[in-house]
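Okay, thanks everyone, let me put the structure up on the screen. I'll keep this short.

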Amino acid sequence: MAHLIISSKDIRTLDGLYSLNDLHKAAGAERKHRPNYFLNNQQTKELIVEIEIAGIPAIKAKQGVGTYVCKELVYAYAMWISPKFNLEVIRAFDQAQQPEPEPVQQSLPAPIQDDEKLKLINDVAKSLGITESIAVVSATDIMAMIQTIRNYQEQLARIQTNPAWVDQTIERVKNATGRHFGEG
């Protein structure tokens with residue numbers, strides 16, 4: 001059954017039926033649109049008979065809980081109120097019928113091997129404009145850089161961001177600070 005939110009109001013359900021009282025509130029709660037006026041309308045009574053002949057439970061009223069109606073009566077009530085509200089209800093049902101996107105199962109990249117670490121360090125050095133063959137970087141800094149890159153890889157895998165964005169961000173930081181790896 002579709003979970004409905006109309007005009008930012010959650011429409012409660014009971015046994016596959018929708019709260020007419022909640023719909024009334026979502027429509028603006030005008031006195032002239034009270035659910036009992038709708039239910040006492042001759043056309044509504046005839047519609048209820050047709051729905052029940054088709055074997056569909058049309059309405060359920062519970063003292064202290066409210067009146068609950070089937071989807072067909074939700075549409076009829078919305079049409080009775082106004083074309084604008086009718087359209088809101090149709091769109092809410094359409095939205096509720098759309099399947100939830102299936103979660104994407106993502107796996108983290110495999111741990112970086114030593115030769116991959118060296119290649120990664122060289123790639124980072126190139127992207128930072130380090131052209132000298134000897135860069136003065138301590139082993140601690142290299143390991144911190146590798147861990148930072150690993151963290152970036154993990155985050156990229158989670159959010160599926162274009163790696164070019166990371167490169168652009170590194171370039172902006174480099175330009176803003178005026179520093180390059182390997183400088184004293």
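I'll go over the whole chain and then stop at one serine.

So, a reminder before anything else: this is a predicted model. What do we have by way of secondary structure in the protein chain? We get eight helices and six strands. If you follow along the sequence, the order goes β-β-β-β-α-α-α-β-β-α-α-α-α-α.

Now burial and surface. The protein chain has 184 residues, and 28% of them are buried. The exposed surface comes to about 12700 Å², with carbon and sulfur atoms contributing 54% of that. As for contacts, take those in the protein chain with a separation of 6 or more: 56% of them link residues 24 or more positions apart.

Okay, on to the serine. Where does Ser19 sit? You'll find Ser19 in strand E4, which covers residues 17–19. And is Ser19 buried or exposed? Ser19 counts as buried because its relative accessible area is 0%, and the cut-off for buried is under 20%.

Who are its contacts, then? Leaving out anything up to four places away in sequence, Ser19 touches Ile11 and Arg12, and also Thr67 and Tyr68.

The side chain of Ser19 is worth a look too. A polar atom there lies 3.0 Å from the backbone nitrogen of Asp22. For Asn21, the backbone nitrogen is 3.4 Å from a polar atom of that Ser19 side chain.

So that's my serine: in strand E4, buried at 0% relative accessible area, and with backbone nitrogens of Asn21 and Asp22 at those distances from its side chain. Okay, over to you.

How values were computed:
Residues are numbered from 1 along each chain as its sequence is written. This is a predicted model: local features need pLDDT of at least 70, side-chain atom pairs count only at pLDDT 80 or more; totals for chains, interfaces and linings use all residues. Side-chain values use heavy atoms; hydrogens and water are left out. Helices (H or I, at least four residues) and strands (E, at least two) are DSSP runs, numbered from the N terminus. Buried means under 20% relative accessible area, exposed over 50%, partly exposed in between (1.4 Å probe, protein chains only). A polar contact is a pair of N or O atoms within 3.5 Å; within protein, one must be able to donate a hydrogen and the other to accept it, and residues adjacent in sequence count only if both atoms are side-chain atoms. Contact means heavy atoms within 4.5 Å. Accessible areas come from the Shrake-Rupley method with a 1.4 Å probe; for residues, only the protein chains shown count as cover.
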